[in-house]
Amino acid sequence: MALQESTLAQIDAAVRSAVDINDQWAASSPAARSALLRELASALEADRERLVGIANEESFLGTARLNGELDRTAFQLRAFADAVDAGEPFAVIDDEAVPGAPPAGHPRLLRVNVPLGPVAMFSASNFPFAFSVLGGDTASALAAGCPVVVKAHPAHPGLSNAVFELALAAAQRSGAPAGVLSMVSGASREVGVHLVRHADIAAVAFTGSYVGGMALQKEINARPRPIPFFGELGSINPIIALPAALETRGAELAATLAASIAQGCGQFCTSPGVLIAYDNAVTDAFVSQLAAAMDSQNTHAMLSPGIRNAFNEGVARLNRHPAAKRVTTGEQNGEKHPVPNLVLLDTGAFLRDHALREEIFGPSCVVVKVKSSEQLLQVLAAIGGSLTVTVWGAEGNDAETMSIVRGAIRIAGRVLFNGVPTGVAVTRAQHHGGPFPSSTQPQTTSVGLMAMQRFLRPVALQEAPAWLAGRGGIPL
């Protein structure tokens, strides 16, 4: 399907439609918001076969993966509906008045949450359902009471249009106001820039590359009134393999890690990009097992020619580095399916050369063998902000293990002690974000029920009149 390029007038009209109903949706009841979210979930499921077919034609991700992703998207929508029904966006902290002079005495204060306003949401290429038109950013913003203007991703225009048309009909059935969800599209830089520069956009949510995210951040910072930018920019998600784990579970962990690196053709923001282990015979054996497991992986076509070209260039640049030793055997070729790539790197070079720590979006991983826990912590510090860090073999309650875990927590938004980072549960305790550069707002998450807090702003109401206090502090 040919990509439609929205004109500046069409972008302005989409934002205007969101502005026109902003106050109405901000003051909407829990029943109205949850009705919309549940209707959207049901509409996706009812049109599953057609939507998955379109998505597979555009993304090559396979029907099994895409059906699972559609299930996740519907689950997210209903999870936020449940949170809305439970009153979470409407929570109030009520500090009753205390007689007397401060600091003990104080007037009555109500702390309430108010929606930020129209949100510009940039769809991601690698999750055509779960991080796209009706993905987690859209669901959480609608749950918070914010209308959403979606920027469709050029990689799946057919699916974006199909889902948006379905969403409009679902919104009408639920009784939601027209304009609660709008969409613009286009591959040009101008479309995205005009959207984030628009004076009536109150916040921006983005999932994508570091380069793209920083370009948007620059535009937002240049606005006369800068606004929140919730950018999830990916990371290399280090795996720390301590000796205890490799000695007892090496073969199992090698198979698990190889599958994680190749899953989705490595096109996940949580794909493991670096393995850190101690320089010893156990690690050498594990690396050989991992290389063999990666050589046996079957990959599929990547999301776009541009992503495939970037992967090829990144792998070629890594493999010809003088400090690199490639340990997988497959060779990249002109076929659609990329070959998984595993490289041993000299630790000193990894610490010195920032290019060796950059994400390669695809099935590629580097191994860094360290001499000590001090050097391991230096490697973590050099990696910097990451969405995840995984620590295998941390069961021992000793000073060295604790220092490694502290180092992991210092740089990551999610620390795993078992399994692999691919696969992000949609739960209340989930945190999908991390220190910069993995995300622009490390205190917020783009996955899980706490994601709606991004789009709510606290306001303290002091000695509010009875009519306002009785409505939870939000004028209807």
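No disulfides turn up here: the structure holds zero of them. A disulfide is a covalent bond between the sulfur atoms of two cysteines. Cys 265 takes part in none, and the nearest cysteine sulfur, on Cys 365, sits 15 Å away. With 0% relative accessibility, Cys 265 counts as buried. Cys 146 is in the buried class too, because its relative accessibility is 0%. All of this, like everything that follows, comes from a predicted model.

Next comes the sheet. Five strands make up an open sheet, lined up as β5-β4-β3-β6-β7, with parallel pairing. The edges belong to β5 (181-184) and β7 (229-232); each has a single partner strand, so one side of each is left without a neighbour in the sheet. On average, and ignoring direction, neighbouring strands in this sheet are turned by 15° against each other. Helix α1 (residues 8-20) packs on the sheet, where it touches β4 and β5. The direction of α1 makes about 170° with that of β5.

Strand by strand, the pairing can be followed through the bridges. Strand β3 (residues 119-122) pairs with strand β4 (residues 148-151) in the parallel sense over four bridges. Within that pairing, Ala 120 has Val 149 in β4 as its bridge partner. Strand β3 is also joined to β6 by four bridges, and these two run parallel. Here Val 119 stands opposite Ala 203 in β6.

What share of strand β6 (residues 203-207) is buried? Five of its five residues are, so β6 is largely enclosed by the rest of the structure. In a regular strand, side chains alternate between the two faces of the sheet. In β6 both faces are covered: Ala 203, Ala 205 and Thr 207 are buried on one side, while Val 204 and Phe 206 are buried on the other.

Now for the helices, starting with α3. Helix α3 (residues 30-46) has 17 residues, which at 1.5 Å a residue should span 24 Å; the end C-alpha atoms are 24 Å apart, so the two values agree. Several α3 residues are tucked away: Arg 33, Ser 34, Leu 36, Leu 37, Leu 40, Ala 41, Ala 43 and Leu 44 are buried. And what do the buried residues of α3 pack against? Their partners are α2 (22-26), α4 (48-59), α5 (63-85), α6 (136-144) and α7 (157-174).

One of those partners, α5, passes the length check as well. At 1.5 Å a residue, its 23 residues should span 33 Å, and because the end C-alpha atoms are 33 Å apart, this agrees. Just after α5, Gly 87 takes a positive phi of about 85°.

Finally, there is the helix pair α10 and α11. The axes of α10 (residues 243-262) and α11 (residues 281-295) come within 8 Å and cross at roughly 30°. That crossing of α10 and α11 is right-handed. On the α10 side, the residues in contact include Leu 246, Gly 250, Leu 253, Leu 257 and Ile 261. They meet a set in α11 that includes Val 282, Phe 286, Leu 290 and Met 294. Some other residues also take part, among them Glu 247 in α10, and Thr 283 and Gln 289 in α11.

How values were computed:
Residues are numbered from 1 along each chain as its sequence is written. This is a predicted model: local features need pLDDT of at least 70, side-chain atom pairs count only at pLDDT 80 or more; totals for chains, interfaces and linings use all residues. Side-chain values use heavy atoms; hydrogens and water are left out. The expected span of a helix is 1.5 Å times one less than its number of residues. Buried means under 20% relative accessible area, exposed over 50%, partly exposed in between (1.4 Å probe, protein chains only). Contact means heavy atoms within 4.5 Å. Two strands pair if DSSP finds at least two bridges between them. Axes are lines fitted to C-alpha atoms, for helices over the stretch in contact, and angles run from 0 to 180 degrees between N-to-C directions. A disulfide is a pair of cysteine sulfur atoms within 2.5 Å. A crossing is left-handed if the near helix is turned anticlockwise from the far one by less than a right angle, and right-handed if clockwise.
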